[in-house]
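Visitor: I would like to go through this model term by term. Please set each value against its definition.

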Amino acid sequence: MTTGEPGQPRTDRSPWNWLLIVPIVLPLMTFLFNSDEPRLLGFPLFYWLQLAFIGVGVVSTTIVYRMTK
Amino acid sequence: MSQHTTELVVFVVLFLVVSAMGFVAARWRRPETIESLNEWGLGGRNFGSWITWFLVGGDLYTAYTFVAVPALVFGAGAMGFFAVPYTVIIYPLVFLVLIRMWSVSHVHGFVTPADFVRARFGSPTLALLVAITGLVATMPYIALQLVGIEAVLKAMGITGHLPIIIAFAILAAYTYQSGLRAPALIAFVKDTLIYIVILAAVIYIPAKLGGWGSIFDAAKAKFDASPAPGDGITLNAANQLQYITLAFGSALALFLYPHSLTGVLASKNRNVIKRNMSALPAYSLLLGLIALLGYMAIAAGTKPVMNANGKPDANTIVPQLFNDMFPDWFTGVAYAAIGIGALVPAAIMSIAAANLFTRNIYREYINKQATDAQEAKVSKVTSLLVKVGAVLCILVLDPQFSIDLQLIGGVIILQTLPSVALGLYTRWFHKGGLMAGWAAGLAAGMWMLYLIPNPATGKAHFGGSAFPLANFGFDTKMTIYVGFVAVIVNLVVAALGTLLFRALKVADGPDATSRDDYFADEGDPKVKDLDLTGSH
C-alpha cells in the first residue's frame, strides 16, 4: 500500500501488479503440461509441473506484496 | 463395528476436545460485548496474519473438498486435478480485488457483499438479489460438509443420522455462543491434524505401494481399460477446455461466496490480506497431494463402501484408504481431521448466511432501526436455522441432491460477479443492467445444467457442469464449464442493459462510496471512525 503524500490521492497502481498475470495464465495453458513424460520421482509431467506452478504463484504474489507494501 | 473401536474412541475424543474449544472461544480476545455483528459475525475485525490464514484456509478448503476431490480423481483421473490450477490462480486473481473490498467495507461498516452492492449502486433490490443468491448458494455448501462427516462415519461402520444430528447440534450451540471466534480457534486444530495426516499419507502410503511411479501406472492401467471416454491420467481433446474453464470459473466464484469474504473482512488491515494471498497456496499443495490419494486408492485396490441401494459411495474412498493403510489409532486421527474439517467451514458459512439475512433482509425490509444487539440476536438465531436447514437437506433429501445443488450453487454465485467484483472497480454499470444480467446469466446457467445428463447415475438432468459444445451446433466432443458461459451471458446483457437504460434515461441509484474509500487502511481516520450502526 502506497501511503501517498498529503494531497496526493492514494492508489493501488504499481507496475509490479502485472506480475500477478503470470500465475493466473500459466496454470491454464494445458498444452504446457498435458503429458505423461518426462516423469519426476515417478510423477507424470501433468502432476509435478502443476504442483510446481504453486511455487510460481507464491513467488509472484510475494514479490508484489513486498514491492507494494 | 467392533473392529473400529479404536478409531471411534480417538475420533470422539478429538471431536469433544474441539467442541470444548468452540465454547471457550467466546472468551478468546474477549470484547466488551459480543452483541454486535462486528464482534459476533466478524470476530472484532481485528485478526492478524496467522489467524486469518487458518480461518480463510479452513474456510476455502473444506471437508467436502478433502473427500470429493480425491473421489473425482479416483473415478475420472486428470479431470479431478482441476482443483489444483483452480486454487493456484485464485490468489493472484483476487489479490487487488480483496484489499479494495476490505477498505470500502471498513470505511462503511459493510458485513456482507450485498451491503457493498447496496451502497455502491444505491439499490436495495439489487442488494436483495445478491443476498438471496448468496443464501441459496451457501445452504447446499453447508449440507455438503455433512456429507464429509457422513463419509467418515460410514467408513467406521456407523449408519443412521443420529450421530450427524448430534455433531451439528454441538456445532450450532458453540457457533451461537462464540460467533466467528469459534471456527477461528478450531481452525488451528483442524489444520494441524490435516497437515499431519496428509504428510504421513504421502510418505507412508506410496512407500507401501511401491512408489509414486507404480501408483500412476496402476491408475493409467485402470483408465486405459475403462470404456469411459473422459478419463485418463492426462487430459484429452474433449475435456481440456472444460478443465481450463472449470478451474477459472471456480476461482472466480470462490471469493464471491459470502463466507470467503467473512474471513477477509475479519482481518485487521490490508497487509494481512496481501500476505495471506501469498501464504494461502500452502493449502493448494496440500490439496494437490490429497487429490492424489485417489490414485493411491486405485493402486491399493481400495473398495468404496456400498450404499443401501447397492451402489458404491465414491465419497468413502479416502476414509477407506486410510482404514486399509493406517494403524487404527492413526485412522481415528485422520477421521477426526476430516470431521473437524467439516465444522470450521460449516460454522463460517452459517455465520455468513445469517449475516446476509440480518443485514440485507431483516434490517432492510423488516426493522430499519435495528440496534447492534438486535442485529447480533437475529444473526445468532438465523445461524441456528441455517444449520437445521442443512441437516434437513441431508435427512429428507438424497445427499446426492445436495451435491447437485452445490454444483448449481457455483454457477449461480458467479452471477454476482458484475455487481460485487466489477463493482469494486467501476461504477459504469446501471443497476437495471446488472439486474438484467443477473437474471439472464442465471437463466442461461440453469438451462445448460438442465440439459446435462449423467449416464453414470442414470439422471437425465443436472448431471454435471460440463456442457457439450455440440449443443451450440459446433461439430466437436469438447465440453465447457456452464458457469463460465453463464457469466459471459451475464456480462454481455449487463453491458447492453446499461447502454439501453442510459439511452432511455432511466434513473440510476446514487453511489454512497467515494474513490478514497477503496484505499483506506488501518489507522486511517475514516476507518477509525467506523460507524458501526451504519447509516449508508
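Visitor: What makes up the area buried between chain A and chain B?

Guide: Buried area is the accessible area (1.4 Å probe) that two parts lose on being put together, summed over both. For chain A and chain B that comes to about 3,400 Å², with carbon and sulfur atoms giving 67%. A:R10, A:Y47 and A:Y65 supply 19% of what chain A buries against chain B, more than any other three residues. This is a predicted model: local features need pLDDT of at least 70 and side-chain atom pairs 80 or more, while totals for chains, interfaces and linings use all residues. Side-chain values use heavy atoms, without hydrogens or water.

Visitor: How many residues are in contact across chain A and chain B?

Guide: Contact means heavy atoms within 4.5 Å. By that rule, 35 residues of chain A are in contact with 45 of chain B.

Visitor: Why is the pair A:R39 and B:D217 called a salt bridge?

Guide: The term requires a side-chain nitrogen of Lys or Arg within 4 Å of a carboxyl oxygen of Asp or Glu. The closest N and O atoms of A:R39 and B:D217 are 3.2 Å apart, so the pair qualifies.

Visitor: Why is B:V388 called partly exposed?

Guide: Buried means under 20% relative accessible area and exposed over 50%, with partly exposed in between (1.4 Å probe, protein chains only). B:V388 has 47%, so it is partly exposed.

Visitor: How confident is the predictor in chain A?

Guide: pLDDT is the predictor's confidence in each residue, from 0 to 100. Chain A averages 85, and 87% of its residues score at least 70.

Conventions: Residues are numbered from 1 along each chain as its sequence is written. Chains are lettered from A and ligands numbered from 1 in the order in which they are written.
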